[in-house]
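Here are some quick notes on the side-chain contacts, for you to read next to the model.

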Amino acid sequence: MRGALTGQRYVDDTLRPHVGPFLNGLPGVISQQDNARPHTARVAQDFLRHFQTLPWPARSSDLFPVKHLGIS
């Protein structure tokens, strides 16, 4: 991918063609993203409101498995 990944580009190039169809094919699935700017952009959040998602709390060590292994 060349250039910066914007929220709109994330929706157009990743969510709409790949993630959306994948999630639609898995009934009951819950998705989660980190807090990268393209992921938190309003356009991306608007797209994802059609799917069940979990929040990604800032600095949540329990969501970073490498820390649990004592590796940093």
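1. Start with Arg9: its relative accessibility is 24%, so this side chain counts as partly exposed. Keep in mind that we're looking at a predicted model here.

2. What does Arg9 form a salt bridge with? The partner is Asp13, and the closest N and O atoms of the two sit 3.4 Å apart. Asp13 comes out at 37% relative accessibility, so Asp13 is partly exposed too.

3. Arg9 and Asp13 are four residues apart in helix H1, which covers residues 7-24, so about one helical turn separates them.

4. The search of the whole structure turns up two salt bridges, and Arg16 with Asp12 is one of them, with the closest N and O atoms 3.0 Å apart. Arg16 and Asp12 also lie in helix H1, four residues apart, or about one turn.

5. On to the aromatics: searching the whole structure gives one aromatic pair. The ring centres of Phe47 and Phe51 are 5.8 Å apart and the planes meet at 40°, so this pair counts as tilted. Stacked would need planes under 30 degrees apart, and edge-to-face over 60.

Terms used
Residues are numbered from 1 along each chain as its sequence is written. This is a predicted model: local features need pLDDT of at least 70, side-chain atom pairs count only at pLDDT 80 or more; totals for chains, interfaces and linings use all residues. Side-chain values use heavy atoms; hydrogens and water are left out. Rings of Phe, Tyr and Trp (its six-membered ring) pair if their centres lie within 6.5 Å; planes under 30 degrees apart count as stacked, over 60 as edge-to-face and the rest as tilted. A salt bridge is a side-chain nitrogen of Lys or Arg within 4 Å of a carboxyl oxygen of Asp or Glu. Helices (H or I, at least four residues) and strands (E, at least two) are DSSP runs, numbered from the N terminus. Buried means under 20% relative accessible area, exposed over 50%, partly exposed in between (1.4 Å probe, protein chains only).
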